[in-house]
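Biologist: Could you take me through this model? I would like to go one region at a time.

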Amino acid sequence: MKSYRFFAAVALTGITGLWAWNSTHSTALAETRTAKEPTYKTRPKGSVTYNRDIAPILYKNCATCHHEGEVAPFNLTSFKDAQKRAKQLALVTQSGFMPPWKAEHGFGDFEGEMRLTEEQKGLLKQWADDNTPEGNPSEKITPPTFPKGWSTGTPDHVAEMAEEYTLEASGSDDYHCFVIPTSYSEDRYIKSVEVKPGDRNIVHHVIAYLDTSGQARKKDAADPSPGYRSFGGPGIVPAGVIAGWAPGNQPYNLPEGVGVLLPKGADIVMEVHYHKSGKVEKDRTKIGITFQKSPVDKRVRTAPVINPFLNIPPGKPDYTVESDLTLPGNVHLLGSTPHMHLLGKEMTVTAVKPDGEVLPLVRIPKWDFNWQITYNFKSALAVPKGTRLHLVAKYDNTTSNPNNPSNPPRTVHWGEQTTDEMCLAFVPYLVDDEHLLQGIEPEGYPDFGAGARRRKH
């Protein structure tokens with residue numbers, strides 16, 4: 001979930017400013033990291049087989065994207081599929097390029113982690129080196145199956161583009177926003193959201209924002225094409241975010257009593273990142289929304305940790321900025337979504353408790369704009385009042401950065417264009433003292449969607 005014009009949002013969320021990271025915190029943080037995994041010990045030649053060793057790895061970590069109709073360029077759901085790509089699989093997994101899980105191992109505990117162990121990487125390499133033995137048929141496991149329709153069941157509301165969007169055959173990637181009215185006359189709480197790309201060959205990722213200001217409609221009306229173009233965000237100050245999708249991401253499904261607010265009359269602004277395939281393609285992406293049927297006692301807030309005061313000089317390979325946000329009460333953190341643009345190098349997000357204990361939230365040691373993932377915790381993380389959400393981000397504004405959009409490099413500030421930068425992390429959370437069913441709705445908590453709320457008391 002991505003970005004917006006933030007000077008208004010800074011005031012909205014009560015950002016507390018920057019603070020210095022000291023050696024005590026650095027030492028405590030280093031102690032949270034797990035020991036390095038042991039290296040792979042080669043097995044007897046020919047003993048690593050597809051049926052016993054390789055298929056379980058590929059089915060769990062790769063087939064979600066690498067199956068018929070998905071965005072990945074080839075399938076990995078059979079022996080022949082994997083055998084044909086064995087050397088390539090060994091290469092991309094040894095380098096860490098695949099699977100596209102960018103979070104550092106041991107720095108946070110995440111749901112749905114797609115990360116290979118050193119053992120699994122070694123098995124893939126040895127299998128390729130040993131000429132890909134298939135193995136004993138009795139050890140063959142059943143390939144995974146994938147739903148054709150909505151994986152979360154029939155949604156209550158389907159938001160879709162008003163018309164198909166035609167994508168040109170070649171050229172740079174296209175970031176396009178589509179405005180979809182919801183027209184509800186009362187606030188609703190969302191239980192789950194599922195994004196269903198129309199053409200998975202070209203849809204790289206989708207972010208679903210909310211707009212209650214009407215500004216997105218004006219931008220849409222001013223652009224002659226369906227929707228409007230906007231890089232790195234919707235080009236407005238949105239009233240919230242309800243979903244994000246990238247290949248391999250699964251839809252969230254909140255428990256009873258908890259919901260994401262959909263304000264009455266809100267527009268969904270669906271930002272789609274398109275990657276051109278070499279031929280003219282058409283897309284009509286949909287979003288399926290299921291509402292909570294039982295009463296909601298807590299709503300999901302989103303705390304944005306931001307540094308909008310970027311001034312990244314040319315020639316700097318390791319330009320570092322920091323930011324923090326202090327939580328005014330006891331909360332449970334649900335995850336984290338880091339965001340930078342093309343100069344981004346690495347980002348670390350932590351929670352620093354009042355007693356100085358440092359809790360790792362997420363660290364991206366090799367930032368990749370093309371793989372922006374929401375990292376959801378396996379279990380909600382309880383933190384007390386006064387905890388500071390802290391962000392450290394590094395940028396590479398040199399010619400050595402192959403993603404640098406400017407040659408020669410230039411000074412870069414905050415902005416929404418390709419040549420601009422951003423520095424933020426979204427942290428969704430629940431407020432412990434909130435009980436909407438009792439009329440208890442604490443004020444003063446940072447919330448990305450605060451501007452959309454309808455005050456009830």
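**Helix H3 and beyond**

Modeller: A side-chain oxygen of Thr 49 comes to within 3.3 Å of the backbone nitrogen of Arg 52 at the start of H3. Such a polar contact is a pair of N or O atoms within 3.5 Å, one able to donate a hydrogen and the other to accept it; residues adjacent in sequence count only if both atoms are side-chain atoms. This is a predicted model, in which local features need pLDDT of at least 70 and side-chain atom pairs pLDDT 80 or more, while totals for chains, interfaces and linings use all residues. Residues are numbered from 1 along each chain, and side-chain values use heavy atoms, without hydrogens and water.

Biologist: How many residues of H3 are buried?

Modeller: Nine of the 12 residues of H3 (residues 50–61) are buried, meaning under 20% relative accessible area with a 1.4 Å probe, protein chains only. Among them are Tyr 50, Ile 54, Leu 58 and Asn 61. Helices are DSSP runs of H or I with at least four residues, and strands are runs of E with at least two, numbered from the N terminus.

Biologist: Which helices do those buried residues pack against?

Modeller: They pack against H4 (79–84), H5 (86–95) and H6 (118–129), where contact means heavy atoms within 4.5 Å.

Biologist: Changing topic, what is the strand order in the open sheet of four strands?

Modeller: The order is S14-S23-S17-S20, with antiparallel pairing; two strands pair if DSSP finds at least two bridges between them. S14 and S20 (375–383) each have a single partner strand, so one side of each lacks a neighbour in the sheet.

Biologist: And why is S23 largely enclosed?

Modeller: Eight of the eight residues of S23 (residues 424–431) are buried, so the rest of the structure largely encloses this strand. Leu 424, Phe 426, Pro 428 and Leu 430 point one way, and Ala 425, Val 427, Tyr 429 and Val 431 the other way.

Biologist: How many bridges join S14 to S23?

Modeller: Six bridges join S14 (residues 301–306) to S23, and Val 305 stands opposite Ala 425. S17 (residues 331–339) also pairs with S23 over six bridges, with Val 331 partnered by Val 431.

Biologist: What about S17 and S20?

Modeller: Five bridges join S17 to S20, which run antiparallel. His 332 is opposite Ala 382 in S20.

Biologist: Last one: where does Asp 199 lie?

Modeller: Asp 199 is in the loop between S4 (188–196) and S5 (203–211).

Note on methods: Buried < 20%, exposed > 50% of the residue type's maximum accessible area, 1.4 Å probe, protein only.
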